[in-house]
Amino acid sequence: MSHEHHSMPHMDHHMNGSAISTADPHAHHHTTPSTEHSHGGGMMMDMTFHFSYKNVPLLFSGLIINTAGEMAGAFVAVFFLAMFYEGLKIARESLLRKSQVSIRYNSMPVPGPNGTVLMETHKTVGQQMLSFPHIFQTVLHIIQVVISYFLMLIFMTYNAYLCIAVAAGAGTGYFFFSWKKAVVVDITEHCH
Amino acid sequence: MMPMYFFFSDKVVLLFDFWNVHSPAGMALSVLVMMLLAVLYEAIKVGKAKLLLRTMPAMAPSLSQETLEEPERASMNTGVERLAGTPQKWFLWHSIQTLLHVVQVVLGYLVMLAVMSYNMWIFLGVIVGSAIGYYIAYPLLNAR
C-alpha cells in the first residue's frame, strides 16, 4: 500500500521533469529508467486464465501467494468462503420465510409449526423496519454482499486454482445446504 | 499499473475516462454516487419483486381460493387476467418488468466494475449503500 502511495508523487515529479525537458535532450535520458521501473514494479493484471502459484495477490496487500503450500491454504480458505456464502444465502432465505410468510398471508389462518393455527396481524412499514428480524437480515445482507464481492474479486484474478476453489465451494455448499430448499421468489440473490 | 489488492487512496478512475478522481472532495462525491447507485440497485430489486407479486398473484392464497370457487375462470393465467386484465395489459406489465430487469443488470455490473478498482473507500461506500438500500426497501415490499 505504502509502495503505491510513494510512487505516485514520484512519478508525477518525473513526468513534470520530462515535460520540461523536452527542449533539453540531456535530461530526457534520466527519466526513461524510472518509467520502466514503475511499469515493471506494478503487478500486471492477467486477462486470461492461468495456473500459477507465484506472486498471486489475494485481496489484501499483505496476502501474496508465493509457494505451493500457500496456494493450497488459499484454495481451502476460498473453498470454505464460497461454501459459507451458499449456506448464508439459504439460511437467510429460510429465516425470511420463517419471519415473513406470516405477513404475506396477512389475515389468513396459517398452519403453525406443530399443527397449531396462527392468526397474523398487519404490521406497518415502520414497525417492520425496527423489528429484530429485519435488522438481523440487514446485517446478514451486509456480510453476504461483502463475501460476494470478495468471491467476485478472487475469480477476477483469473488464477485457475482460485477459480476452481470458488466454483467447487459454491457447488459443495449448494449440495449440502439446499437439499430442502423450497420454491420462493428469490430476492436474496445478489450479484451472481 | 492497477494494484490487485485493497488500498486506501483518493486517486481512482471509475468506469469512464472522464470519471477521474484525484482529490479527497472528489473521492467523497464518488463514494456518495456509488452509495446512491447501490441503494438504487436494492430498491429496483425490491420493486421488481413487488411488481411480480402484483402481476402474478398465484402465490396469494386469497386469490387462488377465489379462482377455485370459479372453476370456469381457473385457467393457467387467471391471476394475471384478474389483475392485469387483457393480454395487452399483461404485455405492458411484462415490458415494465423487463425494463426494470435490464436496469438492474446494468446497475449491478456498474457497481461491480467500480468495486473492481480495489479502492477501499469505493468498496465501503458500496457496502454501506447496499445495507441502507436493503434496510429501507425491504419492508416496503410487504406494504400495501
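Why are A:E86 and A:K89 separated by about one helical turn? Because they sit 3 residues apart in helix α3 (residues 68–104) of chain A. Helices here are DSSP runs of H or I with at least four residues, strands are runs of E with at least two, and both are numbered from the N terminus.

## Ground rules

This is a predicted model, so local features need pLDDT of at least 70 and side-chain atom pairs count only at pLDDT 80 or more, while totals for chains, interfaces and linings use all residues. Residues are numbered from 1 along each chain as its sequence is written, chains are lettered from A and ligands numbered from 1 in the order in which they are written, and side-chain values use heavy atoms, leaving out hydrogens and water.

## Charged pairs

Side chains of opposite charge can pair when their charged atoms come close. The version counted here is the salt bridge: a side-chain nitrogen of Lys or Arg within 4 Å of a carboxyl oxygen of Asp or Glu. There are 4 of them over all chains. Let's go back to A:E86 and A:K89: they form one, with their closest N and O atoms 3.7 Å apart. Both residues are buried, and buried means under 20% relative accessible area, with exposed over 50% and partly exposed in between (1.4 Å probe, protein chains only).

Chain B has a pair like this too: B:K45 and B:E42 make a salt bridge at 3.6 Å, N to O. They lie 3 residues apart in helix α1 (residues 24–55) of chain B, about one turn of the helix, and both are buried. Then there's B:K11 with B:D10, bridged at 4.0 Å, N to O. B:K11 counts as partly exposed because its relative accessibility is 38%, and B:D10 counts as partly exposed because its own is 26%.

## The greasy middle

A nonpolar core is a set of buried Ala, Val, Leu, Ile, Met, Phe, Trp, Tyr and Cys residues joined through side-chain atoms within 4.5 Å. The largest one has 47 residues, and A:Y149 and A:L153 touch the most other members. Its biggest share, 9 residues, comes from α5(A). Leaving aside residues up to four places away in sequence, A:L153 touches A:L59, B:F6, B:V115, B:M116 and B:Y118 (contact means heavy atoms within 4.5 Å).

A second, separate core has 7 residues, including B:A49 and B:L141.
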